[in-house]
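Subject: Structure handover

Hello,

Please find the structure below, with notes on what was found in it. Read them with the model open.

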Amino acid sequence: MADARHRRHDIHSDMLEVTSSSNRRRRLFVDENGVATAGGDAPSDTATFSNLNPGTSDADVLGGNSSRVIWGTNVSISDSMSAVTDLLWNFQKKYRLIKDGELAEGEDLPADHVGHTKEYVVMIKTMLELGVTALNLDARNLKSYPPTRKLWHQLQAFPNEIIPIMDVAIKEAMVKLAEARMQEMRSQQSQQSQQTAGYARHRESSSMPPMPSSDIDSGPAGVERTGPDAVDLPDLVMEVEKRVYRVRPFGLDKTINLRELNPGDMDKLVSVKGLVIRTTPVIPDMKDAFFRCSVCHHTVKVDIDRGKIAEPTKCPRPVCESSNSMQIVHNRSGFSDKQVIKLQETPDSVPDGQTPHSVSLCAYDELVDVCKAGDRVEITGIFKCNQVRVNPRQRTVKNVFKTYVDALHIQKVDKRRMGIDVSTIEEELSEQIAGDVEETRKVSEEEEAKIKATAARPDVYELLSRSLAPSVYEMEDVKKGILLQLFGGTNKSFEKGGSPRYRGDINVLLCGDPSTSKSQILQYVHKIAPRGVYTSGKGSSAVGLTAYVTRDPETRQLVLESGALVLSDGGVCCIDEFDKMSDSTRSVLHEVMEQQTVSIAKAGIITTLNARTSILASANPIGSKYNPNLPVPQNIDLPPTLLSRFDLVYLVLDRIDEQNDRRLARHIVSMYLEDAPENASTQEIL
């Protein structure tokens, strides 16, 4: 097994060490009656079930019949290892297509059909070529493949035991693949050496002048030499042995709301959705501690066990055995990356009259810095709890435990939302997000053909504008302007003049009479924008829009919490009732709308935060009714400095016209009818 310092935080248990090395620990296995069985060695890796009939629905029969299980569970190490290995080498896409209803069970497929593709064989080959150590495992594939149906249930009920077994199975599959690849490379090398030797014999038998010895020695990789060191082949097996491979499960059947997490979900695999409101800096998490005796300088390394490290009370050396002489050496200890993420319920999932709940996430290693504040994510992880001490100096603990989610997979793409503009966010972040899109949001061939057909239409601009908020009647120009805002411009920077940066985001102001569907348009844009925050002018403060200083409940240190404008970085910030804002709140928008930054100097924290956001605001004119006798600047109750920062200002007026009102009423009534308006006697109603 891999070195303990690279284990997946504390979900590994010592009883799950399934290796082929000679230093295997002795374990005690029990049968279903609790009686110890003979032989303390680990079970063999041979499969205990048959795959001759994969169509049967008996998950227990296909999942194995071994009676030696891990205490407290129904997990058999040998059966689970065999099931995971079978999935990696034999799973085909046709099982998933049959489960999704796209194929009929028992249907004969042509030889070149995509259903015959062995998905995970292709994935582990790609992992070997690119050096990737994480395998994204779709739990729906486990459910659709008959031999792993039992494993699918065990993964959700006992993830602490199943996931380390999966890690070991993937490691063995990678080693097997690396050995086959090395054998293939050696055979190619032997063929090349035979061809080279034949070419050398041909030169000796021919009348060609001999090659100088200096040219032979300086040839590329010693072409004339035929031996074991003729060409240095990369040792793929050694590289694979050094790496630590991890499974990233995702794709559970249902997503649990944050407020529905209860003690029944403890130590189970859960999937939650939410909005990231805060991420901590990278924290070094100790994996193994290095102790040295202060008397005889004897050293010992202690691994983590269930989140704790047992400090030696005396020197383990028999000659010394000094009590309380072991001191930790920090720079010789092993650490891994850790990050604590604060996840909050999205506003659309909060019940009426309730405040949003939040939960802490712990991300490790590759998942660190994957998401940032403002991202809407779906987390797959293990729901865990920790005891909290009343006093750090005492061993008494509280009766209420602290809960958190141990993140295993982070998915950032919401299928109902638009993609993120790559020119608005940083280059490396856009590449990272572009890589995650392929994993989580796949476009089918039919959808791709439909997108290309729509793009080829000459009236695509009008079509997209009509598709924006279709329930809102007319307002074609306003929809076109908001459509341009959603697509955005390109951020430009010029080398001349000190490389100034010009914003590519468009700010739009809707000003007009009441009941002209301004708020409805803002709500629609907020739903489809990739990142965004919806706020109201009267309920917002200056610190709520920018950033505020608060005290971390865990570390009791002052931290900076992001406001609405910072959370909508790379998206759209919708501000309703813009004219009801106070002047102090409105003044913070000057820097955001032009420089797209937020400068903070509070409580000893001096920083500049990015707020590359488009602002969509709606306001009422003075007196709540537009006065056509006054010019536009006098109707809009905004200072000229702020009004000049809006690129598009729309006047949405409610003109008194019987024909327009009749068409509007017909449109509204037709939305509540299942039939077309003319089929439901709408003409008589109006």
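The secondary structure of the chain comes to 22 helices and 21 strands; helices (H or I, at least four residues) and strands (E, at least two) are DSSP runs, numbered from the N terminus. The model is predicted, so local features need pLDDT of at least 70 and side-chain atom pairs count only at pLDDT 80 or more, while totals for chains, interfaces and linings use all residues. Residues are numbered from 1 along each chain as its sequence is written, and side-chain values use heavy atoms, with hydrogens and water left out.

Confidence

The chain has a mean pLDDT (the predictor's confidence in each residue, from 0 to 100) of 75, and 77% of its residues reach 70 or more. Over residues 9-30 the pLDDT stays under 50, and the model has 66 contacts (heavy atoms within 4.5 Å) for them beyond four places in sequence. Residues 38-57 also have pLDDT below 50, with 42 contacts beyond near neighbours in sequence. Where pLDDT is low, the predicted coordinates should not be read in detail.

The chain as a whole

Of the 686 residues in the chain, 41% are buried, where buried means under 20% relative accessible area, exposed over 50%, and partly exposed in between (1.4 Å probe, protein chains only). Among contacts between residues at least 6 apart in sequence, 68% join residues at least 24 apart.

The five-stranded sheet

Five strands form an open sheet with parallel pairing, in the order β14-β17-β20-β13-β21; two strands count as paired if DSSP finds at least two bridges between them. The edges are β14 (532-536) and β21 (648-652), each with a single partner strand, so one side of each is left without a neighbour in the sheet. On average, neighbouring strands of this sheet are turned by 15° against each other, direction ignored. Axes are lines fitted to C-alpha atoms, for helices over the stretch in contact, and angles run from 0 to 180 degrees between N-to-C directions.

Strand β13 (residues 508-512) pairs with β21 in the parallel sense over five bridges, and Gly512 stands opposite Val652 in β21. Helix α13 (residues 476-487) packs on the sheet and touches β13, β17 (572-576), β20 (614-619) and β21; the direction of α13 makes about 150° with that of β21. Helix α14 (residues 518-528) lies across β13, β14, β17 and β20, and runs at about 155° to β17.

Helix α4

Helix α4 (residues 119-130) has twelve residues and reaches 17 Å from its first C-alpha to its last. That is close to the 16 Å expected at 1.5 Å a residue, the expected span being 1.5 Å times one less than the number of residues. Tyr120, Val121, Ile124, Met127 and Leu128 of α4 are buried. They cover an arc of only 125° around the axis, which puts them on the same side of α4; the arc is that of the directions from the helix axis to the C-beta atoms. Glu129 and Leu130 are exposed on the other side of α4. Just after α4, Gly131 takes a positive phi of about 75°.

Two loop residues

His297, in the loop between β4 (283-293) and β5 (299-303), has a positive phi of about 60° although it is not a glycine. His297 is exposed, with a relative accessible area of 53%. Asp369, in the loop between β8 (358-364) and β9 (376-386), has a positive phi of about 65° and is not a glycine either. Asp369 is partly exposed, with a relative accessible area of 46%.

Regards
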